[in-house]
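Here are a few worked exercises on charged pairs and surface patches. Have your viewer ready and try each task before reading its solution.

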Amino acid sequence: EKILKKFKKTGKDVIAWFSQATLDNYLMCTSADTIYMPDTDSANLTIKGYSQEIPYFKKGLDNLGLDFNVIHIGNYKGFGENLILDSISDELKESYNSIIENLNKLSFNQISETRNIDIDKLHSLVNSGDTIFMNSDTALIYKFIDKKLSYTKLIDSVKTTKNFYSISI
């Protein structure tokens, strides 16, 4: 993303195209001047918040007769707790929640600012599930993309008007 922003300072257009995207690779697309998506049933965009799942193995390990000794010195030391506890400690939950909330805030703010989508509207769309497996029509209505165009037609139109260089993530 930083490299794309630096490249844009050269005055050259940055165009993003995807047929399937999730929050991680869509965030890179938000640095583009124009975002395209094909008008096909198989194309989709999913924007949802980050989350964390941690499996806890203590009961299973107990059934196998295995016991782990994990030494924690101080609070907020969660390494190995999934081997010795049945569920997440309050301290580790607080740590993960803080990280996830910050990642979500940064990501949604970036989308809101670069795509000119009201942050409250964005949160509402995500919380309602409307941003799961969006087709190109829905993505265009919600302003996540600028235009619907197949990759071949996009390349053909760009090649005729400008020098064209392509990279793939």
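## A linked trio and its surroundings

Asp39, Asp137 and Lys148 are joined in a network of salt bridges (a salt bridge is a side-chain nitrogen of Lys or Arg within 4 Å of a carboxyl oxygen of Asp or Glu). The model is predicted: local features need pLDDT of at least 70, side-chain atom pairs count only at pLDDT 80 or more, and totals for chains, interfaces and linings use all residues. Residues are numbered from 1 along each chain as its sequence is written, and side-chain values use heavy atoms, with hydrogens and water left out.

**Exercise 1.** Find how many salt bridges the structure holds, then work through the network of Asp39, Asp137 and Lys148.

*Step 1.* The total is 4 salt bridges.

*Step 2.* Start with Lys148 and Asp39: their closest N and O atoms are 3.7 Å apart. Lys148 sits in strand 5 (residues 147–148) and Asp39 in the loop between strand 3 (34–37) and strand 4 (44–45), so this pair links distant parts of the chain, 109 residues apart (helices, H or I with at least four residues, and strands, E with at least two, are DSSP runs numbered from the N terminus).

*Step 3.* Now take Lys148 and Asp137, whose side chains meet at 2.4 Å, N to O. Here strand 5 holds Lys148 and helix 7 holds Asp137, 11 residues apart.

*Step 4.* Check the exposure (buried means under 20% relative accessible area, exposed over 50%, partly exposed in between, with a 1.4 Å probe and protein chains only). Asp39 is exposed at 51%, while Lys148 is partly exposed at 30% and Asp137 is partly exposed at 37%.

**Exercise 2.** Which residues make the nonpolar surface patch of about 300 Å²?

*Step 1.* Leu64, Leu66 and Phe68 make the patch (patches take residues with over 30% relative accessible area and no salt bridge, joining like charges within 9 Å and nonpolar side chains, Val, Leu, Ile, Met, Phe, Trp or Tyr, within 5 Å; accessible areas come from the Shrake-Rupley method with a 1.4 Å probe, and for residues only the protein chains shown count as cover).
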